[in-house]
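This report goes through selected local features of one protein chain, taken from a predicted model. The sequence and structure are shown first.

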Amino acid sequence: MGMRSNSLHTQSSLLFLFLLLLLLVPLLCKSSRPPFACDAGDPRTRNLPFCRASKPIHVRVRDLIGRLTLQEKVMLLVNNAAPVARLGIKGYEWWSEALHGVSNVGPGTKFGGEFPGATSFPQVITTAASFNASLWQEIGRVVSDEARAMYNGGLAGLTYWSPNVNIFRDPRWGRGQETPGEDPTLAGKYAASYVRGLQGAAAGNRLKVAACCKHYTAYDLDNWNGVDRFHFNAKVSKQDLADTYDVPFKACVVEGNVASVMCSYNQVNGKPTCADPDLLRGTIRGQWRLNGYIVSDCDSVGVLYDTQHYTATPEDAVAATIRAGLDLDCGPFLAIHTEEAIRTGKLSEADVNGALANTLTVQMRLGMFDGEPSSQPFGNLGPRDVCTPAHQELALQAARQGIVLLQNRGGALPLSTARHRTIAVIGPNSDVTVTMIGNYAGVACGYTTPLQGIARYAKAIHQRGCNGVACKDNQLFATAEIAARHADATVLVMGLDQSIEAEFRDRAGLLLPGRQQELVSRAAMASRGPVILVLMSGGPIDVSFAKNDPRIGAILWVGYPGQAGGTAIADVLFGTTNPGGKLPMTWYPQGYLAKAPMTKMDLRADPAKGYPGRTYRFYKGPVVFPFGHGLSYTSFAHEIAHAPTTLSVSLASLHTLKNSTLLSNAIRVKHTNCDMLSLGLHINVKNTGEMDGTHTLLVFSIPPAEKSTPNKQLIGFEKVHVMAGGQRRIHIDIDVCKHLSVVDQFGTRRIPMGEHSLHIGDLKHSISLQATFDNIKH
């Protein structure tokens with residue numbers, strides 16, 4: 001009896017200790033990392049108004065700024081913001097990246113411990129090729145889940161300087177891979193979708209993470225022919241700025257409600273973008289009404305003083321940027337020189353307070369002054385929410401959707417597991433890992449290389465053929481030819497990597513590097529079976545030789561397809577996935593480059609001077625493959641089920657009639673009621689082939705011919721899956737003010753009256769726009 005009583009007492013004590021431990025473990029975990037601002041247990045801040053989450057954010061921000069000394073304020077103007085220990089505020093690193101997955105490129109994010117990596121999606125140019133807005137938003141949602149999880153674990157921030165939405169204007173640009181391509185409508189849709197995914201739909205004004213659209217504006221040259229981004233003055237017309245370069249940034253702010261915009265290194269028409277009040281205060285914050293902060297590209301405030309010599313003193317540079325609308329400096333410049341700028345009267349403390357109000361408001365919206373995050377929205381996300389099977393499956397789906405079938409001579413693809421049992425897998429990119437994730441990437445959850453993917457379907461005979469994409473010699477060519485000779489099919493995985501195209505590394509030409517072309521031709525000649533050329537790259541490649549070689553059956557462009565790239569490539573090669581991607585940029589021939597220096601920003605052609613123009617909207621010359629090109633293993637037919645043939649565009653008043661310049665037969669957008677101007681297209685898409693497939697429906701418009709109007713412009717797109725022999729009806733809404741308008745030489749957006757021709761595949765449909773004056777008040 002006594003022993004039994006002691007045993008029960010011991011068990012009760014152990015149970016009590018176990019329960020106590022369960023209660024203490026979360027507290028011990030919390031205490032092992034730095035405390036969050038406004039933690040409930042912090043006596044320094046318990047009763048301060050800026051820590052009360054129930055108060056309006058602007059009240060909290062005003063209270064916090066009022067408690068800071070000038071020295072403390074100045075140290076909060078830079079990316080590595082200093083702690084304010086007396087107010088319980090730890091230091092914060094603003095610079096994190098999430099271009100296509102949580103990245104450790106910026107110092108704000110680190111991998112390790114419970115977070116060894118994160119899901120690495122395809123590079124942006126590849127994902128853009130899917131033309132799938134819901135996919136872009138879903139990727140953003142997943143990336144922000146993983147970002148929040150890492151923040152809760154103390155390894156990441158909540159401010160991500162992504163996406164890059166610059167227009168891919170020149171095919172040589174090393175950072176084109178980071179962008180959604182050359183078309184402003186596509187780039188704008190991508191920007192708004194990805195931002196919405198990242199920032200979430202939290203209640204009210206709250207943010208899941210804070211996205212940042214960069215680099216504003218007309219930035220698309222890094223280092224070409226002796227000109228670098230730090231010295232480049234982009235001479236841009238008002239017309240090109242309004243109808244192309246600024247379009248995705250406007251979509252970011254107006255449609256995506258992005259929390260931040262980053263100004264670029266370059267000057268635009270003689271002014272550094274980070275010191276141009278017309279661009280920052282006037283456009284981003286004034287016209288577009290940014291609800292957030294403006295940040296400099298890293299060290300660009302220092303660059304405009306030290307390198308561009310835009311101001312006479314460092315203090316003048318501080319005053320010029322902050323007064324222009326800059327709120328945060330990526331770099332130390334503002335921390336070093338702002339106090340002196342105020343002391344000498346070039347800047348006021350009120351100017352600094354205005355900048356801090358914008359940055360602190362974003363931090364408040366993120367919940368960064370609400371204490372320990374576990375009781376907040378997204379506070380339950382942790383290691384189990386990173387690299388989940390569902391996230392990795394989405395990375396695979398994104399890779400599949402971004403692959404573009406450029407050519408399929410004689411139905412060379414898909415390969416057959418019955419007929420093609422041995423595959424020669426050749427090329428410098430045939431067994432790569434990190435090459436597949438492109439730049440601004442993190443540490444992937446894991447990789448499937450092209451070789452590994454193909455080996456799941458057939459016996460793979462592997463030969464690199466080249467030591468790297470530079471492919472400087474042909475010593476390995478002979479063994480590659482032997483492999484091709486003895487296999488049932490040959491897959492050549494060629495292309496580029498970050499040694500050829502990257503940040504601060506623009507390309508010299510468009511051909512395959514080194515002796516890759518020779519390897520392709522020799523392997524094709526030796527092969528006894530079908531030859532498939534797979535191109536891994538961010539930018540376009542002139543592969544005219546392969547396009548014209550009858551021995552090369554099919555050509556695939558896979559971009560940089562992310563961690564699951566090898567699986568996606570193999571799935572397309574063997575027909576498990578029917579490709580549906582379309583090119584988001586024009587593939588020019590090598591000869592184009594001699595006529596289009598990278599420093600010339602004009603988009604419109606100037607035949608008198610031999611300038612061919614840029615992008616499919618303004619270039620009429622020969623191409624290797626056009627924008628929007630992409631084949632399928634099945635065939636699709638289009639039929640317009642319903643579309644208007646006329647539309648009335650009404651003017652608001654007699655005043656607008658007098659000032660609408662109807663002499664040019666084009667009405668200013670701001671003189672119409674845009675809310676009432678939309679077109680509904682109903683299009684039947686029929687799969688007329690024998691394989692289920694996903695079709696990318698692109699709708700282009702050709703406006704009435706006037707000087708400097710585009711050849712055609714993309715106005716809408718939709719992704720639709722159609723079973724073999726089946727039919728789906730697609731509804732596309734066209735915003736007349738946005739998509740049927742053109743921009744004149746003064747930068748004014750107008751709607752041309754007259755006949756607009758819509759092109760959907762091989763279909764054409766005309767819509768006549770007519771001005772009406774029913775609402776004019778005399």
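## Alanine 129

Alanine 129 sits in the loop between helix H4 (124–128) and helix H5 (133–152). The model is predicted, and in this model alanine 129 has a relative accessibility of 0%. Because buried means under 20% relative accessible area, alanine 129 counts as buried.

Leaving out residues up to four places away in sequence, alanine 129 touches Gln401, Gly402, Val404, Trp557, Gly581, Lys582 and Pro584. Leucine 758 is 629 residues from alanine 129 in sequence, and the two C-alpha atoms are 22 Å apart in space.

## Lysine 73

Helix H3 (residues 70–74) contains lysine 73. This lysine 73 is buried, at a relative accessible area of 5%. When neighbours within four places in sequence are set aside, the contacts of lysine 73 are Ile65, Leu68, Glu349, Val352, Asn353 and Leu356.

## Helix H19

Helix H19 spans residues 565–573 and is mostly covered, with nine of its nine residues buried. They are Gly565, Gly566, Thr567, Ala568, Ile569, Ala570, Asp571, Val572 and Leu573.

## Helices H16 and H17

Two packed helices are described by the angle between their axes and the distance between the axes. For helix H16 (residues 477–486) and helix H17 (residues 516–526), the axes come within 8 Å and cross at roughly 35°. The crossing of H16 and H17 is right-handed.

On the H16 side the contact involves Phe477, Ala478, Ala480, Glu481, Ala484 and Arg485, and on the H17 side Glu518, Leu519, Arg522, Ala523 and Ala526. By class, the residues of this contact are seven nonpolar, four charged and no polar.

## Aromatic pairs

A search of the whole structure gives 25 aromatic pairs. One of them joins tyrosine 305 and phenylalanine 333, a tilted pair with 6.1 Å from centre to centre and 55° between the planes. Tyrosine 305 belongs to helix H10 (residues 300–306) and phenylalanine 333 to helix H12 (residues 333–343), so the pair links distant parts of the chain, 28 residues apart. Tyrosine 305 is partly exposed, with 21% relative accessible area, whereas phenylalanine 333 is buried at 9% relative accessibility.

Tyrosine 457 and phenylalanine 574 form a stacked pair, because their ring centres are 4.6 Å apart and their planes are at 0°. Tyrosine 457 is in the loop between H15 and strand S13 (459–463), and phenylalanine 574 is in the loop between H19 and helix H20 (615–618), so the pair ties together parts 117 residues apart in sequence. Of these two residues, tyrosine 457 is partly exposed at 24% relative accessibility, and phenylalanine 574 is buried with a relative accessible area of 9%.

## Ring cluster and lysines over rings

Phe131, Trp136, Tyr190, Tyr194, Tyr616, Phe627, Phe700 and Phe717 are linked into a cluster by ring pairs.

Lysines also lie over ring faces. Lysine 547 is placed over the face of phenylalanine 625, 4.9 Å from the ring centre. Lysine 600 is placed over the face of tyrosine 611, also at 4.9 Å from the ring centre.

## Backbone geometry

Most residues other than glycine have a negative phi, and most peptide bonds are trans. Where are cis peptide bonds found? One joins lysine 214 and histidine 215, with omega about 0°; histidine 215 lies in strand S3 (residues 213–216). Another joins leucine 413 and proline 414, again with omega about 0°. Proline 414 is in the loop between strand S11 (404–408) and strand S12 (422–426).

Positive phi values in residues other than glycine include that of cysteine 471, near 45°. Cysteine 471 is in the loop between S13 and H16 and is buried, with a relative accessible area of 1%. Serine 708 has a positive phi near 70°. Its place is the loop between strand S21 (693–702) and strand S22 (713–722), and serine 708 is partly exposed at 30% relative accessible area.

Key. Residues are numbered from 1 along each chain as its sequence is written. This is a predicted model: local features need pLDDT of at least 70, side-chain atom pairs count only at pLDDT 80 or more; totals for chains, interfaces and linings use all residues. Side-chain values use heavy atoms; hydrogens and water are left out. Buried means under 20% relative accessible area, exposed over 50%, partly exposed in between (1.4 Å probe, protein chains only). Helices (H or I, at least four residues) and strands (E, at least two) are DSSP runs, numbered from the N terminus. Axes are lines fitted to C-alpha atoms, for helices over the stretch in contact, and angles run from 0 to 180 degrees between N-to-C directions. A crossing is left-handed if the near helix is turned anticlockwise from the far one by less than a right angle, and right-handed if clockwise. Contact means heavy atoms within 4.5 Å. Ala, Val, Leu, Ile, Met, Phe, Trp, Tyr, Cys and Pro count as nonpolar, Asp, Glu, Lys and Arg as charged, and the others, Gly among them, as polar. Rings of Phe, Tyr and Trp (its six-membered ring) pair if their centres lie within 6.5 Å; planes under 30 degrees apart count as stacked, over 60 as edge-to-face and the rest as tilted. A charge sits over a ring if NZ of Lys or CZ of Arg is within 6 Å of the ring centre and within 35 degrees of the ring normal.
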